[in-house]
Amino acid sequence: MKKVMIATGGTGGHIYPATALAEILKKKYPETEIVFFGSSNRMEAELIPSLGYRFHGMPMTGMNGGVRAKMKSALSMVRGERACRKLLAQEKPDICVGFGNYISVPLILAARRMHIPTMIHEQNSYAGKANAMLGRYADAIVGCYETSLKQFPAGKTRLYGNPEATLAYEKQADPSLKEKYGLDPQKPFAVFMMGSLGSSSVSRIIDEACALFDDYQVLIAAGKSNDYEFRNAGKENIHLVPYVDGVQMLKQADAAVVRAGATTMCEISAIGVPCILIPSPYVPNNHQVMNALELVNRGAAVMIEEKDLNAQSLSKALNELMADHGKREKLAAQAKLLGKTDAAYRMIEWMEELCGNG
């Protein structure tokens, strides 16, 4: 493969698996050129160029809303596909890979019309609208959960997992970060991460639970855009920071309390971390609960839905987990059984097959 074009955007859940694939591809085949396509007015427009990749941005309208919004979106897609055909004629990629989000639709459809091999990746247990539609047209579909086999054509769907898992697995632990975050390296700790932006509703409950946690250390990543003011984080064993290196903390924590987004879930499985999952209820199709159940039903994690979450239920679950070394080991081992640490490499091998290089 001389050139690969990747479509991604909207949120980190779509972007980070895409950049993970790019990083592994660049590592394996340094001579392969990687070009990204995304929205010109969302986070990918700044993030991807900052990582050193060429980026083509296009203004697009999302697929949600009423009849008028859907008509506007459809028109935007038609115009987008035309523009993508021109872009593909200019770039001449060997293959196009889409990572969900409506921005991937015009590129994958244009590539299909121009007989360029296509692949899409579905991170969640419940496919979003863009991938659900593209599944009919893409040459190859990569999923992470068994449910993908029911949602996409079985003959062209493979459960390779999330490329982000490969990066998480290969990343070396940096013990110095514990001290940077104020932790005693000799004492056990639990880390709380509610996504890069944080969650004010869950933060309030975590704050109330601080007085109920036992004497292990607690590291709380509040989130970059979280305006909640913690009042009980002054205890000696509580450490509050705006942001942490998530993979590093998952590799070193004795337990983690996290959301159930696609990227976090694949990292948990790749690394093997005993976790309490608090799925966000503010996502389409309640897909974080579905993601969480993939681990919970296999004895690989504990789940507390946000409707059942309070200071007492949270502190009880975490205190019991931190006190039970055997349970933590069992959860970690079960999570590892679900981990697909070679996801990126298997995707690349399939891409080579599609390009006639396999």
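**Entry 1**

Helices (H or I, at least four residues) and strands (E, at least two) are DSSP runs numbered from the N terminus.

The model is predicted, so I record its limits: local features need pLDDT of at least 70, side-chain atom pairs count only at pLDDT 80 or more, and totals for chains, interfaces and linings use all residues. Residues are numbered from 1 along each chain as its sequence is written, and side-chain values use heavy atoms, with hydrogens and water left out.

The crossing of H11 and H12 is right-handed; a crossing is left-handed if the near helix is turned anticlockwise from the far one by less than a right angle, and right-handed if clockwise. I listed the residues in contact (heavy atoms within 4.5 Å): Ala262, Met265, Ile268 and Ser269 from H11, with Asn291, Ala292 and Leu295 from H12. Five of these are nonpolar, two polar and none charged. For these classes, Ala, Val, Leu, Ile, Met, Phe, Trp, Tyr, Cys and Pro count as nonpolar, Asp, Glu, Lys and Arg as charged, and the others, Gly among them, as polar.

How many of the ten residues of H11 are buried? I found nine, so the helix is largely enclosed by the rest of the structure. Buried means under 20% relative accessible area, exposed over 50%, and partly exposed in between (1.4 Å probe, protein chains only). The buried residues include Thr263, Cys266 and Glu267. Just after H11, Gly272 takes a positive phi of about 85°.

I then examined Ser269, which is in H11 and is buried, at 7% relative accessible area. Ser269 touches Leu295, Ala335, Lys336, Leu338 and Gly339, residues up to four places away in sequence not being counted. Ser269 and Leu338 are 69 residues apart along the chain, yet their C-alpha atoms are separated by 5.8 Å.

**Entry 2. H7 against H11**

Helix H7 (residues 163-170) packs on H11 (residues 262-271) at about 45°, with the axes 8 Å apart. The two are therefore oblique to each other, and H7 passes H11 in a right-handed crossing. I saw Glu164, Ala165, Ala168 and Tyr169 of H7 meeting Thr263, Cys266, Glu267, Ala270 and Ile271 of H11. By class, this contact has six nonpolar, one polar and two charged residues.

**Entry 3. Nonpolar cores**

I looked up the largest nonpolar core, which has 31 residues. Such a core is a set of buried Ala, Val, Leu, Ile, Met, Phe, Trp, Tyr and Cys residues joined through side-chain atoms within 4.5 Å. Val191, Leu219, Val244, Met249, Ile268 and Leu277 touch the most other members. Two or more residues each come from strands S8 (189-193), S9 (217-221), S11 (255-258) and S12, and from helices H10 (246-252), H11 and H12. Apart from this core lies another, of 30 residues, among them Val202, Cys210, Leu321 and Met322.

**Entry 4. H1 and H15**

Helix H1 (residues 12-28) and helix H15 (residues 343-354) pack at about 70°, their axes 10 Å apart. That makes H1 roughly perpendicular to H15. The crossing of H1 and H15 is right-handed. Among the contact residues I noted Leu21, Ile24 and Lys28 of H1 and Tyr345, Ile348 and Glu349 of H15. The contact divides into eight nonpolar, no polar and three charged residues.

**Entry 5. Loop residues**

Most residues other than glycine have a negative phi. I noted Asn101, not a glycine, with a positive phi of about 70°. Asn101 is in the loop between strand S4 (95-98) and helix H4 (104-113) and counts as buried at 13% relative accessibility. His115 likewise has a positive phi, of about 60°; His115 lies in the loop between H4 and strand S5 (118-121) and is exposed at 73%.

Lastly, Asn285 lies in the loop between S12 (275-277) and H12 (287-296) and is partly exposed at 46%. Asn285 and Tyr126 are 159 residues apart in sequence and 7.4 Å apart in space, C-alpha to C-alpha.

Terms used:
Axes fitted to C-alpha atoms, helices over the stretch in contact; angles between N-to-C directions. Parallel < 35°, antiparallel > 145°, perpendicular 65-115°, else oblique.
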